[in-house]
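Please read it alongside the sequence and the model.

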Amino acid sequence: VPIVGTTPLIVHKFSEKAKRQMLDAQQGRKAPKVARDPEADYRDSMYRTADGYGFPAVAFKACTVGAARFYGKDVKMTELRQFLFFKGVLSPADPQPLTPIEGEPHMREDVVRLGISGTDLRYRAEFTEWSALLDVTFVKSSLTQESVLSLIDAGGMGIGVGEWRPERKGDFGTFEIDSSREIQVVGA
């Protein structure tokens, strides 16, 4: 299913540096203060495939399943989680299946709030113009192709993916099915 972003996609992969800092804090080790490197933070914020960029396939599944709330009580999210599958590619750079993202990222700087009294700067990748090809499998005895496409479209508009998406009180990471490209049905 081809999709095209209708608003920029902001990505923020949990960095290895952040994981080390959390582990050190949990083990009572105090990490020395290190000067911030905005360029490294930007590079580390991206999900990498073997030949480009990606985004977790599970995020597109969550977005699509989350769209069930727009259809009333007849469509159950618990069932959709069992009936829908979003495949991604694996790469040595990331342990989870990724949906390849087409587009060129650039660095953005954001002021973020940390609790009640703190603020910080975050350097993340943003894809202003982006698209992807979702590899979706579904249980045909429970869903139709049209209902799956409707859920993907609704999720792209009202839930979104990435940082500051509509589901999290933002306006970024929205998408729609790309009507200029053909939906490929395999094994119909």
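Two rings of Phe, Tyr or Trp, the last taken by its six-membered ring, count as a pair if their centres lie within 6.5 Å; planes over 60 degrees apart make the pair edge-to-face. By that rule the count comes to 6 aromatic pairs. The model is a predicted one. A search of the whole structure also finds 10 salt bridges.

**Aromatic pairs**

- A pair of aromatic rings is described by the distance of the centres and the angle of the planes.
- Phe60 and Phe175 pair edge-to-face, with 5.7 Å from centre to centre and 65 degrees between the planes.
- Phe60 belongs to helix 3 and Phe175 to strand 12, so this pair ties together parts that are 115 residues apart in sequence.
- Both partners are placed inside: Phe60 is buried, and so is Phe175.
- Trp130 and Phe175 also form an edge-to-face pair, at 6.1 Å centre to centre and 70 degrees between the planes.
- Trp130 sits in the loop between strand 9 and strand 10 (131–133), while Phe175 is in strand 12, so the pair ties together parts that are 45 residues apart in sequence.
- Trp130 and Phe175 are both buried.
- Ring pairs join Tyr47, Phe55, Phe60, Trp130 and Phe175 into a cluster.

- The largest nonpolar core holds 37 residues, and Phe60, Trp130 and Ile152 touch the most other members.
- Helix 5 gives the most to this core, with 5 residues.
- Helix 5 covers residues 145–158, which is 14 residues. The expected span is 1.5 Å times one less than the number of residues. For helix 5 the result is 20 Å, and its end C-alpha atoms are 20 Å apart, so the two agree.
- The buried residues of helix 5 are Val148, Leu149, Leu151, Ile152, Ala154, Gly155 and Gly156.
- Those buried residues are covered by elements that include strand 1 (2–5), helix 3 (57–66), helix 4 (77–83), strand 5 (84–87), strand 11 (135–138) and strand 12 (175–177).
- Beyond its neighbours up to four places away in sequence, Ile152 touches Val1, Ile3, Thr64, Phe86, Leu134, Val136, Phe175 and Ile177.
- Just after helix 5, Gly160 takes a positive phi of about 75 degrees.

**Salt bridges**

- Side chains of opposite charge can pair when their charged atoms come close.
- Arg108, Asp110, Arg124, Glu126 and Glu163 are linked in a network of salt bridges.
- Glu126 lies in strand 9 (residues 118–127) and Arg108 in strand 8, so the pair ties together parts that are 18 residues apart in sequence.
- Glu126 is buried, and so is Arg108. The relative accessible area of Arg108 is 15%.
- Arg108 also meets Asp110 in a salt bridge, at 2.7 Å from N to O.
- Arg36 forms a salt bridge with Asp41, the closest N and O atoms being 2.9 Å apart.
- Buried means under 20% relative accessible area and exposed over 50%. Arg36, at 39%, is therefore partly exposed. Asp41 has 17% relative accessibility, so it counts as buried.

- Asp110 lies in strand 8, and its relative accessible area of 7% makes it buried.
- The side chain of Asp110 makes a polar contact of 3.1 Å with the side chain of Arg124.
- Leaving out residues up to four places away in sequence, Asp110 touches Asp120, Leu121, Arg122, Arg124 and Trp164.
- Val112 is also placed in strand 8 (residues 105–114), and at 13% relative accessibility Val112 counts as buried.
- Apart from its neighbours within four places in sequence, Val112 is in contact with Gly118, Thr119, Asp120, Arg122 and Arg124.
- Val112 and Lys30 are 82 residues apart along the chain, and their C-alpha atoms are separated by 24 Å.

Terms used
Residues numbered from 1 in each chain as written. Predicted model: local features only at pLDDT ≥ 70, side-chain atom pairs only at ≥ 80, totals over all residues. Heavy atoms only, no water. Helix = DSSP H or I, 4+ residues; strand = E, 2+ residues; numbered from the N terminus. Buried < 20%, exposed > 50% of the residue type's maximum accessible area, 1.4 Å probe, protein only. Contact = heavy atoms within 4.5 Å. Core = buried A, V, L, I, M, F, W, Y, C linked by side-chain atoms within 4.5 Å. Polar contact = N/O pair within 3.5 Å; in protein donor to acceptor, adjacent residues only side chain to side chain. Salt bridge = Lys/Arg side-chain N within 4 Å of Asp/Glu carboxyl O. Phe/Tyr/Trp six-rings, centres within 6.5 Å; stacked < 30°, edge-to-face > 60°.
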